[in-house]
Every structure is written in C-alpha cells, then in structure tokens.
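Please keep the sequence and the structure at hand while reading.

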Amino acid sequence: MEIIVCVKQVPNTTEVRMDPKTKTLIREGVASIVNPFDLVALEEALRIKRETAGRITVLSMGPPQAVSALKECLARGVDRALLISDRIFAGSDTLATSYTLSLALRTARLPYDIIFCGLQAIDGDTGQVGPGLAEFLNLPVLPNAVKVGVDPPAQSVIIHRKTEEGIEVLKAKLPVLIIADRDLAKPEPLRDDQIKWIAEDAVEIYDSSKLGGSPSDYGLAGSATEVIWIGSPKPIGHMKIDPDLPYHERIRLTLTAGLESKSGRQIVQGKTPSEAVNELVRRLVEDEVIADR
Amino acid sequence: MAVQVDTQKCNGCQACLSACPYNAIQWQGETAAINQNCTSCGLCLPVCPQEAITRSIKVLCRDLSRWNGVWVYGERDERGIKKVTLELLGEARKLAKARNTHVAAVLIGSDVEQFVNLLYRHGADKVYLIDDRRLNRFSQDLYVPLLVRAVQRYQPEIFLFGATVNGRVLAPSVAVRLGTGLTADCTGLSINSEGNLKQTRPAFGGNIMASILCANTRPQMATVRPNVMDKDEQSQWTPGEVIRLEWNLDEFKPRVEWVDFIQAEGEKIDLENAEIIVSGGFGVGSAENFRIIEDLAETLGAAVGCSRKVVDAGWMPHDRQVGQTGKSVRPRIYIACGISGAIQHQIGMRKSDKIIAINSDPKAPIFSLADYGIVGDLFEIIPLLSEALRPYVRRG
C-alpha cells in the first residue's frame with residue numbers, strides 16, 4: 001500500500017507572541033515541532049505500513065527549517081520525505097496551500113492509495129487543507145476517522161467517522177484521502193538520538209521551479225483570503241467605576257483586571273465550607289436561580 | 001476553480017464531452033464551451049489532447065456588484081434544524097442590513113420542506129430547497145456539487161456555515177471548487193467601509209486574534225461555531241420565497257458508501273445544548289479527581305466541561321473543553337470549579353446566564369466574571385454543594 005502523509009512544521013503555539021508593530025509573529029526562540037495532529041495521522045499510517053508491507057512518503061510545504069520536522073518523520077519510519085519550499089509560497093492561505101501540495105504530488109509522480117492528513121494545524125487551526133487537497137486531486141474524503149481498516153485485495157477502506165451524534169461507518173474504494181481525528185492513534189514518543197542518525201540530505205527539497213505552475217497561483221498571489229490584522233484577544237467588557245462607591249470598593253474593582261462586574265456579584269469568603277455552601281444556596285434560591293421545591 | 005476552454009486551442013475532437021459527468025460541456029459552433037452545470041470537478045482537463053481546458057484556482061470576480069445576498073447553509077440533525085443555523089441567520093440579518101441585501105437559507109436533505117417556516121422566523125427572506133430522498137444522509141459527493149451549482153447560479157456575496165463536524169469538511173470543499181476564500185471558526189463578522197466582510201477569528205491556539213478579508217473573490221465564505229452568534233427569532237414574521245432546485249441527482253455518483261451508524265454510548269449530555277454545566281479546571285488536580293466534578297454534574301443533571309489546561313494534561317477529552325478553541329456554551333447555570341478564568345476560557349462561557357465560581361484564589365479572574373462564588377477548597381466545597389443542591393434539582 002502506498003501512503004502519503006501530509007505534515008506541517010508548526011511553532012509550539014503555547015509560546016507564540018505577536019509583534020504589534022509589524023503585525024507579524026515572533027518566531028525566534030519558539031520551539032518548532034511536527035504538528036501534533038499530523039503525528040497522529042502518521043502513527044496510523046505506520047500501523048498500516050506494517051500491516052500491508054507498504055511505503056510511506058511524507059510531504060510538507062514550509063520554510064527551509066521544516067527539514068527538521070521531516071527528518072523526525074524519517075526517524076519514525078517513513079520511507080521518503082519531500083519538502084516543497086520556496087519564498088514564493090509565503091503568505092499562502094489554505095486554497096493556495098492545497099493547490100501547491102497537489103501540484104507537488106503530481107510533479108513528483110508520487111503514487112498513492114491513501115493520503116493521510118491531520119485534523120488541523122495548531123497554528124492556523126482551520127482544518128481546511130485536507131478537504132482542499134482532496135478537491136484538487138478529485139479524491140473522496142473520509143474525515144474525522146477514529147478507526148481505519150484497509151482491505152488491500154478489495155482495494156477499499158472502511159473508516160469509523162466520529163460525528164456529534166455518534167459513529168458513521170463509511171466505506172470507499174481506493175484511492176482516498178483520510179483526515180485523522182485526534183483520537184485515531186497515539187503517537188509514540190521519539191528520542192532525540194533517533195533523529196541524529198538521519199542524514200542531512202535525506203529530505204528531498206523541491207522549489208517552485210520544479211513544480212511548474214504559475215506564480216499567480218502561489219503564495220499570497222494565489223490566496224483568496226488575506227490576514228489584514230492580528231492582535232491579542234481583548235478582555236471582555238470595559239472598566240466602569242462608579243465614583244460614588246466606597247473607597248475600598250473602587251480599589252477592589254480596579255484590581256479585578258478591568259473586567260466589568262455584573263450587578264450584584266456575590267462572592268462568599270472567609271467562612272467554613274458548610275457555612276459558605278449554605279450561604280450560596282440561600283442566595284441562589286433568593287434570586288430564583290434555583291427553584292425551591 | 002473555474003473551468004475554461006481556450007477556443008484557439010480547441011480542435012473540435014469532442015473528447016471532453018463524454019468525460020463530463022454533468023453535461024456541462026456543450027458545443028458552440030466549432031469549439032467546446034462550459035455551461036452552468038459545471039461543478040469544477042476537473043475530470044475534463046486530462047482528456048483534452050490539445051490541453052485546451054484549464055482551471056483557474058482562484059476565481060477573481062470582475063464585477064462584485066453582481067453578487068448579492070447573504071446565504072446560510074441550513075444543517076439538519078435528528079431533532080430538526082441545528083441551532084447553529086438559526087444563530088447564523090440572526091447574524092446574516094445584521095450583515096444583510098449593512099449591505100442592503102437579503103438573507104437566504106440553503107437547505108439540502110430529505111423531507112426538509114417542513115422547516116422553511118422555522119427559517120423565515122429566524123431571519124431568512126428566501127429558502128433554496130433541494131429536497132430528495134437520496135439526500136437524507138450527509139454525502140460530500142452529493143452536497144458539494146449541489147451547493148457549488150447553487151452558488152454559481154444565484155451568486156451570493158457571503159456564505160456562512162456552522163463549524164459543525166460536517167460543516168468543517170463541506171465548506172472547504174465548496175470553497176476550493178468555487179475558487180474562493182474561506183475563514184474558519186469566526187468569532188466576529190462585520191461589513192467594512194468598502195462593503196467587504198471582515199472576518200475575525202482566533203489562531204495559534206487562541207493566543208492571537210486575526211482579521212481576514214476575502215476581497216476579490218465571491219462568495220466570501222466563513223464558518224462559525226455554535227453558541228457564538230445570536231439567534232434573532234421574530235414573533236412577527238412573513239413567509240418568504242421558496243426556490244426549489246430540482247436538479248437531476250442521477251448524474252452524481254457518490255464514491256463514499258454509508259455502511260452503518262453506531263449511537264454514541266451513554267446518555268452524554270451535549271455541552272452546547274446543556275442547561276447546566278459543571279466545569280473543572282486545573283485546580284481539580286488529576287484525572288481521578290474529576291470524579292467529584294462528574295458526581296456534582298450527575299446530581300444536577302448537568303453536562304461536564306473543562307478548561308484547556310485539563311485537556312492538555314490529558315485528564316479529559318477535547319470534546320469537553322469549553323473555551324475559544326473548544327466549545328462555546330450558553331447554559332442557564334455554569335459552575336466553574338478550580339478554573340482560574342483565562343481570557344480564552346471566558347470567551348467560551350461568558351454568555352452563560354448565571355456563573356458560579358469555586359476557587360481557592362480570591363484573585364482568580366473567574367471571580368470578576370462570576371455572579372456567585374465561593375473562595376475555598378473545591379474538594380471540601382463541592383461534595384457539600386452537591387448535597388445542599390439536591391433538594392432543588394428538578395429530575396425527569
């Protein structure tokens with residue numbers, strides 16, 4: 001079975017900060033990792049590889065340093081790693097990214113029975129590239145997969161798709177694109193020393209000249225959406241301090257981080273647990289939040 | 001994507017005609033031409049020996065003024081119409097007013113005509129209806145080309161989808177086929193001074209907010225999660241226009257076969273529709289300790305939620321997460337236990353009717369948002385609270 005896994009190198013988003021002056025993200029000093037949801041997809045691909053004596057190619061679009069993410073994938077057991085990297089891809093939205101990845105697959109003439117994508121990238125958080133790539137390749141999509149079963153002789157695959165209501169069991173003939181749910185597989189931890197055995201040039205790199213295609217279809221030029229502003233999430237509401245309130249009340253409100261308090265905020269402090277609970281319940285009944293039976 | 005024939009290159013061999021499953025290629029004099037049945041599937045491209053058929057990825061609109069109307073995708077569930085559709089209709093009304101245009105719902109399914117009045121009541125001026133027994137279950141290969149064709153025919157300027165499990169795979173496929181832009185999980189939508197839709201959404205796990213424009217293509221597409229926008233149900237309403245799209249479904253051959261459905265186990269209460277939610281934060285301390293949260297929830301007939309740190313620690317699954325990158329909830333009562341109340345969490349639950357917070361830290365930001373609270377040790381307080389509230393809980 002020939003398997004492709006699309007991966008993305010992402011910043012560890014818990015550490016990301018924004019530069020408000022340049023409207024760009026400060027990436028220095030932030031660790032780069034393989035998108036965790038892509039590792040889930042990769043783990044499942046590795047299982048299928050073992051089961052079917054198959055081959056896995058990982059494909060990624062990213063800046064040159066994404067080579068390290070692909071080396072990690074090689075250390076995890078994939079057979080081939082291809083990075084498409086070119087400055088012209090900068091500013092790509094999901095439309096341009098899906099298109100560029102599809103072009104790379106065609107240019108590299110990569111055969112595939114299954115293309116695996118992770119649920120979403122933890123920086124963009126959109127989950128749109130998987131379905132978009134399936135569109136450009138005219139493949140059926142099997143999304144939200146929590147379980148995958150392949151049947152190579154029948155050239156078909158069955159997935160369990162997790163929806164709000166329950167599990168849909170879906171079947172399709174290969175080739176397909178499968179989008180892994182976050183619970184599809186549990187990636188094994190990798191030791192750093194496993195990666196160091198991977199040769200520096202083990203990752204193949206294609207730039208835009210290798211892909212062909214038109215510059216107007218790449219990067220910002222090929223994108224239909226554009227980010228026009230980034231900022232930090234704003235606190236809710238704004239501060240209004242009634243000057244007629246007693247002094248200690250005004251200080252207390254000032255110290256509560258600029259969040260407008262609702263009228264009649266009632267926080268119980270300094271009582272024993274059972275006194276506090278009884279007091280709270282009394283107030284809830286009085287305010288008709290809960291009904292007295 | 002838009003498919004075009006270069007008439008200079010076309011040699012009249014007609015190979016493309018038989019390749020098209022939708023009868024979208026017709027003969028115009030001596031060369032092929034693409035008609036409005038085209039769904040941009042691209043099957044004709046490789047068969048042309050002259051490479052005369054091309055597909056443009058992004059479809060730039062020459063005349064934006066021809067695109068009018070704010071559309072909302074009407075999503076069906078076993079109860080009827082999903083709440084998020086009604087919320088999006090409320091938002092669509094505001095956007096349509098700013099653009100001096102109408103609101104339309106697009107409803108695909110089986111036996112769905114019964115819901116048109118519900119859609120009018122919540123803000124639709126028109127409903128585009130595709131009602132057929134074969135559409136009773138969600139199917140990409142049926143729903144995507146139908147929506148693409150409806151958009152190409154009626155040209156809406158904005159198309160909103162709920163960011164539901166289906167919406168998150170349907171919308172991107174439709175957007176790519178149309179060669180237009182899509183912004184996921186928008187928390188804010190507005191019309192800017194140029195008449196374009198400004199889309200605001202979180203990124204980087206909620207650490208950044210971004211505003212996005214889709215200035216040159218149409219429709220401007222966006223997905224929005226449940227409980228983010230407000231419904232606008234009218235007590236006085238008039239029936240609107242129904243436009244029945246009666247297209248022959250035989251030409252669509254779904255490649256994915258539905259085999260079976262397995263009900264979710266247990267009577268798990270859905271967070272997004274729950275009346276009462278008991279939510280645990282990092283202060284709960286461990287996965288085992290979440291038992292006390294679950295016990296309180298059970299006593300109250302409540303759903304269980306949690307904060308992001310709890311999910312990151314692996315104590316609870318992601319579908320229990322309340323917050324900007326989790327679910328937005330709007331219960332009557334939200335009880336936050338051991339939750340400090342970071343902004344990203346507050347954004348997910350601030351629209352709750354009454355918020356009760358229990359935390360040992362009197363300076364926790366959650367207390368500024370809470371209507372009621374107790375400063376204390378949740379391990380002592382919650383069991384007592386559970387007992388004290390038991391007589392007041394309506395069961396059954």
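In which sense do strand 14 of chain A and strand 14 of chain B pair, and over how many bridges?

## Basis of the model

This is a predicted model, in which local features need pLDDT of at least 70 and side-chain atom pairs count only at pLDDT 80 or more, whereas totals for chains, interfaces and linings use all residues. Residues are numbered from 1 along each chain as its sequence is written, chains are lettered from A and ligands numbered from 1 in the order in which they are written, and side-chain values use heavy atoms, with hydrogens and water left out.

Strand 14 of chain A and strand 14 (residues 208–213) of chain B pair in the antiparallel sense, over five bridges; strands are DSSP runs of E with at least two residues, helices are runs of H or I with at least four, and both are numbered from the N terminus. Pairing requires that DSSP finds at least two bridges between two strands. Within this pair, A:Trp229 is placed opposite B:Ser211.

The pair belongs to an open, antiparallel sheet of four strands, ordered 14(A)-14(B)-13(B)-12(B). Strand 14 (226–231) of chain A and strand 12 (188–191) of chain B are its edges, and because each has a single partner strand, one side of each is left without a neighbour in the sheet. From one strand to the next the twist averages 25°, where axes are lines fitted to C-alpha atoms, for helices over the stretch in contact, and angles between N-to-C directions run from 0 to 180 degrees. Helix 2 (residues 83–99) of chain B packs on this sheet by touching strand 12 and strand 13 (197–203) of chain B, and its direction makes about 20° with that of strand 12 of chain B; contact means heavy atoms within 4.5 Å.

An open sheet of ten strands with mixed pairing has the order 13(A)-7(A)-6(A)-1(A)-8(A)-12(A)-9(A)-10(A)-11(A)-17(B). Its edges are strand 13 (203–206) of chain A and strand 17 of chain B, each with a single partner strand, so one side of each is left without a neighbour in the sheet. Neighbouring strands are turned by 30° against each other on average, direction ignored.

Within this sheet, strand 1 (residues 2–6) and strand 6 (residues 55–61) of chain A pair in the parallel sense over five bridges, with A:Ile56 as the bridge partner of A:Ile3. Helix 3 (residues 94–107) of chain A packs on the sheet, touching strand 1, strand 6, strand 7 (80–84) and strand 8 (114–117) of chain A, and its direction makes about 140° with that of strand 6 of chain A.

## The interface

In all, 88 residues of chain B are in contact with 87 residues of chain A. The two chains bury about 7400 Å² between them, 61% of it on carbon and sulfur atoms; buried area is the accessible area (1.4 Å probe) lost on putting two parts together, summed over both.

A further pairing joins strand 15 (residues 266–268) of chain A to strand 22 (residues 372–375) of chain B, which run parallel and share three bridges; here A:Gln266 stands opposite B:Tyr372.

## Salt bridges

Four salt bridges cross the interface of chain B and chain A, the criterion being a side-chain nitrogen of Lys or Arg within 4 Å of a carboxyl oxygen of Asp or Glu. The side chains of A:Glu165 and B:Lys82 form a salt bridge at 3.4 Å, N to O.

Over all chains the count comes to 37 salt bridges. A:Glu51 and A:Arg47 meet in a salt bridge at 2.7 Å, N to O, and both lie in helix 1 (residues 36–52) of chain A, four residues apart, about one turn of the helix.
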